[in-house]
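This report describes one protein chain, going from its overall figures to a few selected residues. Please keep the sequence and the 3D view at hand while reading.

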Amino acid sequence: MNVGSLKKRNGWQRVSTEESRAGTPTMTSRISRRDLARGACAALLLTASGRPGRDAFAAGPDQGSQQKGQLWHPDLFPEMIVKSWYQEDLAEGEVSSWQSSGVKPVAAVQAEPSLCPTKLGKDGVLFKKGTKQALTWPADNDAPYLHRWWLVIARCDSAANSDANNVSVLCVNGAEGGSVHRQPRVCFRPSKSTFVSQVDDGKIKSEEGKCSTDFGGWNVMVGYRRGFVMQVVVNGVKTAGQTIYALAPNRVKSESFMGDVINPMGADVAIDCVIIGQSELDDSLIDMLMGWGMWRVGRQSDLPSDHPYRQRPPSSVDANNKPGRYAFDSASWESWAAIGNERYAHRGEAAPPIRGYTTVFFDDFDSNTVVDDSKGAQASIWYAPTSLANVGVDANAQRISASPSSYVHDAASHTLALRLLNKGRWRTGAFSSVNNNGQGRCWGKGIFEIRARFPKIAAPRPGFFPAFWAYGKEHLFWRTRNRLETDFWEYDGLNGAYINISQHVHKPKLGYADPEIATAGVHRKIAGYQVDPSNGFPATVDIYDGEFHTWYAQIEDDYSYFVIDGWEVARVPTSPELAAKKYIMVDFAYDQNKGHAQPDPSQTYDMVIDYIRVRQTETDLARVPPGFSALPTLSGRASPSQALTVVPNVVASQIECLWYRDGIPIVGEAGTGYELGSQDMGHKIRCHVRAVSVLDQPEAWTPESETVA
């Protein structure tokens, strides 16, 4: 469903160093920051822009022989950095503006001289006790998507203020207080000698680690959200972490700050650097960030004895610095057009037989499996109302908790209706298989199938605009990357027999100069015509006939097929865009421009869904992905009151497990073990394992268990 064109988005474009010096916001690509610690070794003096870098601290063994080009620092992969502030970018003295680098640069400013912090030589930016000294920048409504990890190096005079709590360092979207901010928040807790990181998913989630209480001692924090976990590493020690759900966008436009705009500082605090980044980090990158930070401030010897960078700093860029991402290829995109009308050579014919597939996901709506986006847990199935605020077009897509509900479950028929209704204005339902933070279920190739019916209504009809479609998951984690949209089908109220199937590559949320990113949206029509005898079909399929119809898209290695009621609509070569990992979207929108009549406000209109199914080939399921030594397996007896346990066969500090019964998701089960019950009798159990902490998050399925008996 092409809603991307409904709202114009302006992105920032990276510019040159010369433009930056002229005052244009820029993504600075520093070749050397203060990567090492102070000592007898020579300082690393220059950055890419020619400015002096901060003196290096004492290096570890053999550090003097390291070549500058071999040393690793975060800016070597600039697309990963959303905002970054380094103290060496400031002149000594009063600080009224601190310009960040990053893909979404911003100046942290202070207009009132008495509230300006002070740059202290090489000792950081000082925010003084008893003041509301702060540097602020505007609210960022995109923070839930962009702010996936953060590195903060700061120090606090905790020893002299041991009774203080919550001494602020950083708070994104928090100037007004309230429960929807902290995206993230970082503070010191002198009363416990800890350095604290917080985010807010409806409840404040805090992780903290022991820190130096001496004002002369710097502390390094790497905090991150990954999968359904928020975790922090403080001075090399990782916290236990805790479950976190979807963060809400900032609705009250509460600005962000370093220092404190709410309460007087409870102790002196100095900041060396703040870096906020996008993407979900693998463990290797987290180690590199922590190693870099600890060497930067001369505390490498305080790293745990088994830390990979205790003896020497990270020194090179490897594959972990460049996770796999979609790359737009204009030549490939243009060549696709050469298929011409060959895509219709078999339309109206019986679809090719489906062989060698296994159902990996099936929801026949025995119960209402849609949950509010803000409340859904890891093992939830559908999240409403999706990440798109305007998905309903001229109808407001509601949460499931709204009354009257737009998500109407019928226990007798095992169906779920997305209902268009009028309550002052038109409202509707929409859901997706991931929440707005990208947590949930995704698939690459396979068969994506839905059975549904629409109201029986004669022409002229209102502007109904239903769709069964998918988005590539990547845009939720990389706001600089293209958003991939595949419309398996969409219809309007103008002509219920006219099927539309299309592929879109939308421009990124944030502009970023990279030849693998399309800077403007492109699209191609896979199919667009009436399903009727004039186009080779045995009969007309007008979806507003009040009958159930079945659609599926079959995406294979070579070709992709699109089918309605067993008849082929089109077949096209499988492009990278079609094969990309995707999450399902379903909606029943209303667009007043796509009909010839007005809907009756006293009536309701239902898109009734019988089931949604995903199948994948047995060949694909049998492949062992990189990172796994073998497919994960199940141990234990397939009998009631017995437990099945996953043997993941992957080395990972964080894995996510989803359990299925004959392809039906088992709601509420997300651990590495599952206790069988009477409901499992006569069925087979399977588990999906995703190695969240490994590069590119490889995933694999266990074989099915024996039939539970």
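Buried means under 20% relative accessible area, exposed over 50%, and partly exposed in between, with a 1.4 Å probe and protein chains only. The model is predicted, so local features need pLDDT of at least 70 and side-chain atom pairs count only at pLDDT 80 or more, while totals for chains, interfaces and linings use all residues. Residues are numbered from 1 along each chain as its sequence is written, and side-chain values use heavy atoms, with hydrogens and water left out.

**Confidence and overall figures**

pLDDT is the predictor's confidence in each residue, from 0 to 100. The protein averages a pLDDT of 89, and 90% of the residues score at least 70. Over residues 2-68 pLDDT stays under 50. Where pLDDT is low, the predicted coordinates should not be read in detail. For residues 2-68 the model has 167 contacts beyond four places in sequence, a contact being heavy atoms within 4.5 Å.

There are 6 helices and 43 strands in the protein; helices (H or I, at least four residues) and strands (E, at least two) are DSSP runs, numbered from the N terminus. Of its 709 residues, 58% count as buried. Among contacts between residues at least 6 apart in sequence, 69% join residues at least 24 apart. The accessible surface, by the Shrake-Rupley method with a 1.4 Å probe, comes to about 26400 Å², and 49% of that belongs to carbon and sulfur atoms.

**Cysteines**

With a disulfide taken as a pair of cysteine sulfur atoms within 2.5 Å, the structure holds 0 disulfides. For Cys171 the nearest cysteine sulfur is that of Cys187, 9.1 Å away. Cys171 counts as buried because its relative accessibility is 5%. For Cys657 the nearest cysteine sulfur is that of Cys687, 4.2 Å away, and Cys657 is buried too, at 1% relative accessibility.

**Aromatic pairs**

Rings of Phe, Tyr and Trp (its six-membered ring) pair if their centres lie within 6.5 Å; planes under 30 degrees apart count as stacked, over 60 as edge-to-face and the rest as tilted. The count by this rule is 33 aromatic pairs. Two of them are tabulated.

| Pair | Centre distance | Plane angle | Class |
|---|---|---|---|
| Phe362 and Tyr611 | 5.5 Å | 40 degrees | tilted |
| Trp659 and Tyr674 | 5.7 Å | 35 degrees | tilted |

Phe362 lies in strand β19 (residues 357-363) and Tyr611 in strand β36, so this pair ties together parts 249 residues apart in sequence. Phe362 and Tyr611 are buried. Trp659 in strand β39 (residues 655-661) and Tyr674 in strand β41 (residues 673-675) are 15 residues apart, and both are buried.

Gln616 and Gly356 are 260 residues apart in sequence, yet 8.4 Å apart in space, C-alpha to C-alpha. Beyond four places in sequence, Gln616 touches residues including Gly356, Trp443, Lys445 and Trp701. Its side chain reaches the backbone oxygen of Lys445 at 3.2 Å.

Arg661 is found in strand β39 and is buried, at 16% relative accessibility. A polar contact is a pair of N or O atoms within 3.5 Å; within protein, one must be able to donate a hydrogen and the other to accept it, and residues adjacent in sequence count only if both atoms are side-chain atoms.
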